[in-house]
Amino acid sequence: EAALLHAEVCIKHLLYSAGCQGLELRVTAGNADWQTVSGVLLGEPLPVDAWPWVRFTVFSLAVEHARLPLELGALHLTDAQGRDYLHNPGFLQGGQRWFFSSDMHHLPWHAKNAAVHLLFEQGWLGLAAMAALSACALWRVTLGGARRHVLAPALAGALAGVWAVGAVDSLFDMPRLALMLLLLTMVAATLPAPALARPPAGPANRA
């Protein structure tokens, strides 16, 4: 039985593609040795970057049927001049430069709740630490010493919105989103209290 390997190069933002080139390769089981398969990506030319808009080009692989797994030893993405565009193609640095995701059938890969996601990935200690940090940050910009800071309303609204979405969806699937959430939380938690304004000294206030 043959396993079907799908490969594509897309201009992509998160799950959304703006143009793709792809191919499908059939790999037949039963051979004890490593097999080498190759093909040509087909599709319309990808959009060209125009300053200042920089597009992210993503190379993706997927197996058509989960019950037919494939073990990949090395990958190469070359152009007509033989230039290879992949970093860490032989996985010598482990999973560096590779990110596991699912664009279509994504429900088995992440929880639809940020708390459940944290509990599964980091355990009770990680969940408690994130909950304490988030509660501290939200308290500081609503009832705490930084509540009168000019940024306090915006930070409070952002944190409330983030965790409202986190009640019904995951927030930590993408490293960039997780980093932005942590930075937002740290800014709110460390926001200084504004200095109290003092009235100018007048004749009645002078000694």
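Leaving aside its neighbours within four places in sequence, which residues is Trp163 in contact with?

## Trp163 and its surroundings

Contact here means heavy atoms within 4.5 Å, and on that basis Trp163 touches Ala114, Leu118, Met130, Ser134, Phe172 and Leu181 once its neighbours within four places in sequence are set aside. The model is a predicted one, in which local features need pLDDT of at least 70 and side-chain atom pairs count only at pLDDT 80 or more, while totals for chains, interfaces and linings use all residues. Residues are numbered from 1 along each chain as its sequence is written, and side-chain values use heavy atoms, with hydrogens and water left out.

Trp163 belongs to helix α2, helices being DSSP runs of H or I with at least four residues and strands runs of E with at least two, numbered from the N terminus. Between Trp163 and Ala114 there are 7.9 Å in space, C-alpha to C-alpha, although the two are 49 residues apart in sequence.

## Packing of α1 and α2

Helix α2 (residues 152–166) packs with α1 at an angle of about 155 degrees, the axes being 10 Å apart; axes are lines fitted to C-alpha atoms, for helices over the stretch in contact, and angles run from 0 to 180 degrees between N-to-C directions. The two helices are therefore roughly antiparallel, a term for angles over 145 degrees. Residues making the contact include Ala114, Leu118, Met130 and Ser134 of α1, and Leu155, Leu159 and Trp163 of α2.

## Aromatic pairs

Rings of Phe, Tyr and Trp (its six-membered ring) pair if their centres lie within 6.5 Å, and planes under 30 degrees apart count as stacked, over 60 as edge-to-face and the rest as tilted. By this rule there are three aromatic pairs. Phe59 and Trp98 form an edge-to-face pair, with 6.4 Å from centre to centre and 65 degrees between the planes. Because Phe59 lies in strand β3 (residues 57–63) and Trp98 in the loop between β3 and α1 (114–142), this pair ties together parts that are 39 residues apart in sequence. Phe59 counts as buried at 18% relative accessibility, whereas Trp98, at 22%, counts as partly exposed; buried means under 20% relative accessible area, exposed over 50% and partly exposed in between (1.4 Å probe, protein chains only).

Trp163 and Phe172 form a tilted pair, at 6.5 Å centre to centre and 50 degrees between the planes. Trp163 is partly exposed at 27% relative accessibility, and Phe172 is buried at 15%. Phe59, Phe91 and Trp98 form one aromatic cluster.

Methods: Angles under 35 degrees count as roughly parallel, over 145 as roughly antiparallel, 65 to 115 as roughly perpendicular and the rest as oblique.
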